[in-house]
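Please keep the sequence and the coordinates at hand while reading.

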Amino acid sequence: MMLHVILGAGPAGVIAAETIRKHAPRDEIVLVGDEPEAPYSRMAIPYLLMGNIGEAGTHLRHNGDHYQKLGITLKRGRAVKLDSTARRVQLDDSSWLGYNRLLIATGS
């Protein structure tokens, strides 16, 4: 079993986690995002500000248990250090996450 860690809970990270789940149903997947809200699309914010959609319309997945149902762990935190030799990443709470595969999907 592989442990996949994805840094970035935006559209790229969410789609990557869902795609990995399709192809590796037993692997462990941890999606790391540094915001307290559910993963959302920043591209939808102008529509929210204009009043065209409500806040829920910005969420990438609308069911609160979406990630849990897929067996994807959503972890709050920000990566502050990467040790590629030891295959681990340190989060801002000083915890370390080991990984077999790491995807950095933090946007640009």
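The side chain of Asp27 reaches the backbone nitrogen of Met2 at 3.3 Å. The model is a predicted one, in which local features need pLDDT of at least 70 and side-chain atom pairs count only at pLDDT 80 or more, while totals for chains, interfaces and linings use all residues. Residues are numbered from 1 along each chain as its sequence is written, and side-chain values use heavy atoms, with hydrogens and water left out.

Asp27 is located in the loop between α1 (11–23) and β2 (28–33); helices (H or I, at least four residues) and strands (E, at least two) are DSSP runs, numbered from the N terminus. A polar contact of 2.8 Å also links the side chain of Asp27 to that of His4. Such a contact is a pair of N or O atoms within 3.5 Å; within protein, one atom must be able to donate a hydrogen and the other to accept it, and residues adjacent in sequence count only if both atoms are side-chain atoms. With residues up to four places away in sequence set aside, Asp27 touches Met1, Met2, His4 and Arg21, where contact means heavy atoms within 4.5 Å.

A salt bridge requires a side-chain nitrogen of Lys or Arg within 4 Å of a carboxyl oxygen of Asp or Glu.

By this rule the structure has 4 salt bridges. One of them joins Arg78 and Asp34, whose closest N and O atoms are 2.4 Å apart. Arg78 lies in the loop between β3 (72–76) and β4, and Asp34 in the loop between β2 and α2 (45–49), so the pair ties together parts that are 44 residues apart in sequence. Arg78 counts as partly exposed because its relative accessibility is 47%; Asp34, at 37%, is likewise partly exposed.

Another salt bridge is formed by the side chains of Asp65 and Lys69, at 3.7 Å from N to O. Asp65 is partly exposed at 31% relative accessibility, while Lys69 is exposed, with a relative accessible area of 64%.

Asp83 and Arg88 also form a salt bridge, with the closest N and O atoms 3.7 Å apart. Asp83 has 23% relative accessibility and therefore counts as partly exposed; Arg88, at 31%, is partly exposed as well.

Most residues other than glycine have a negative phi. Arg87, however, has a positive phi near 55°. Arg87 is found in the loop between β4 (79–83) and β5 (88–91), and is partly exposed at 43% relative accessibility. Ser94 likewise shows a positive phi, near 75°, and lies in the loop between β5 and β6 (96–98). At 53% relative accessibility, Ser94 counts as exposed.

Terms used: Buried means under 20% relative accessible area, exposed over 50%, partly exposed in between (1.4 Å probe, protein chains only).
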